[in-house]
Amino acid sequence: MSTNHTMNPPIQPIMLSMEVDDDISSESEYRLRIGDQVKYLIISPGTFDRDTLSFPLPSLPCLPYNEEWTVAKISRDKTTRELQHILLNRKMAGVKCQWHRTSVDCLKVERTKQLTVAAFEARLHSTLPIAPPSSSTVIAKIARFEWEIPRIEQETRAYQLLEGSGIAPRFLAHVHENGRIIGFLLEKIEGSCASIQDLSACETALAKLHQLGLLHGDVNRYNFLVTRKGVKIIDFEHLRENASYESTRKEMDSLRAELVNESGRGGGFIFHDDSDGN
């Protein structure tokens, strides 16, 4: 008598993010989707050549993806040069400023267009518990790795302080991964980056921020969106609370020079109007 066994197919990891330095003497970091979980790889210097580090999955040792762990460290034995790994099941750092009532699983946010290494446009599904914005497309910003958590923490706090002010895009939800907060969703606002012709409107928007006792910290032209409803300010990674009059005056005085700066500094996070053909 024969017995039929139904074998579950092995889980195939999907690469979500990577951080590989051209200097291969540094660690390389990877963020993987494993089924409905996210796990991390850290590959020690000297383990693979640069080309392999760009696509390491086929060269990895056999890892127990279905077991409980968060970080796998991959290296080579110094004597035999054989691959070896260590599995860690440690608690990952997350954003502590959880002020909004809505939180969305990062694996349910469908990326449609990359804007920067950490920010992207995403499609909003009707099943997500979010008050419907004017567009089905939203902006997601996440910490890919733990060392990026502090800037997301700072921006999350900024949007809490700016809630209802009309100065910035509307904060829609926190984004969580395996239960920890790693980012947020914003409404997508159609507009263009500011130029010197928009100086007066940008000064008005920045003055409103300063009146709240806040210093933006990076008033490059790409952080001002000129929309049909006025200027919106974005990108609050360097926001400072309880700003002094002197610091806000210096920031306002620097605005003109920033609006004529054509170097492209700060131009990674740009919202494009759909009508421009992009």
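How many disulfides does the count come to? I began my entries with this point, and the count comes to zero disulfides. I note at the outset that the model is a predicted one.

**Entry 1: cysteines**

Cys62 counts as exposed, because its relative accessibility of 75% lies over the 50% cut-off. Cys97 is buried, because its relative accessible area of 15% lies under the 20% cut-off.

**Entry 2: overall content**

I recorded the secondary structure of the protein as five helices and 14 strands. The protein has 278 residues, and 46% of them count as buried. I then turned to contacts between residues at least 6 apart in sequence; of these, 62% join residues at least 24 apart.

**Entry 3: strands β3, β4 and β5**

I followed strand β4, residues 71-76, to its partners. Strand β3, residues 37-43, runs parallel to β4, and four bridges join the two. In this pairing I found Tyr40 opposite Val71 of β4. With strand β5, residues 83-88, β4 pairs in the antiparallel sense over six bridges. Here Ser75 stands opposite Gln84 in β5. I also noted that β4 and β5 form a hairpin, with six residues between them. Arg81, in the turn of this hairpin, has a positive phi of about 65°.

**Entry 4: the six-stranded sheet**

I traced an open sheet of six strands in the order β6-β10-β11-β9-β8-β7, and its pairing is mixed. At the edges I found β6 (103-105) and β7 (110-114), each of which pairs on one side only. On average, neighbouring strands of this sheet are turned by 40° against each other, direction ignored. Helix α2, residues 149-162, packs on the sheet and touches β9 (137-142), β10 and β11. The direction of α2 makes about 50° with that of β11. I next examined the pairing of β10 (residues 171-177) with β11 (residues 180-187), which is antiparallel over six bridges. His176 stands opposite Ile181 in β11.

**Entry 5: the three-stranded sheet**

I found a further open sheet, made of three strands in the order β12-β13-β14, with antiparallel pairing. Its edge strands are β12 (192-193) and β14 (230-233), and each of them pairs on one side only. Helix α3, residues 199-211, packs on this sheet, where the helix touches β13 and β14. The direction of α3 makes about 50° with that of β14. Between β13, residues 224-227, and β14 I counted four bridges in the antiparallel sense. Val226 has Val231 in β14 as its bridge partner.

Gly230 counts as partly exposed, because its relative accessibility of 29% falls between the cut-offs of 20% and 50%. Gly230 and Asp198 are 32 residues apart in sequence, and their C-alpha atoms are 9.9 Å apart in space.

**Entry 6: helices α3 and α4**

How do the axes of α3 and α4 cross, and within what distance do they come? I read that the axes of α3 and helix α4, residues 245-253, come within 11 Å and cross at roughly 165°. The two helices are therefore roughly antiparallel to each other, as the angle is over 145 degrees. The crossing in which α3 passes α4 is right-handed. For the contacts, I listed Glu203, Leu206, Ala207 and His210 in α3, which meet Thr248, Glu251 and Met252 in α4.

How values were computed:
Residues are numbered from 1 along each chain as its sequence is written. This is a predicted model: local features need pLDDT of at least 70, side-chain atom pairs count only at pLDDT 80 or more; totals for chains, interfaces and linings use all residues. Side-chain values use heavy atoms; hydrogens and water are left out. Two strands pair if DSSP finds at least two bridges between them. Contact means heavy atoms within 4.5 Å. Axes are lines fitted to C-alpha atoms, for helices over the stretch in contact, and angles run from 0 to 180 degrees between N-to-C directions. A disulfide is a pair of cysteine sulfur atoms within 2.5 Å. Buried means under 20% relative accessible area, exposed over 50%, partly exposed in between (1.4 Å probe, protein chains only). Angles under 35 degrees count as roughly parallel, over 145 as roughly antiparallel, 65 to 115 as roughly perpendicular and the rest as oblique. A crossing is left-handed if the near helix is turned anticlockwise from the far one by less than a right angle, and right-handed if clockwise.
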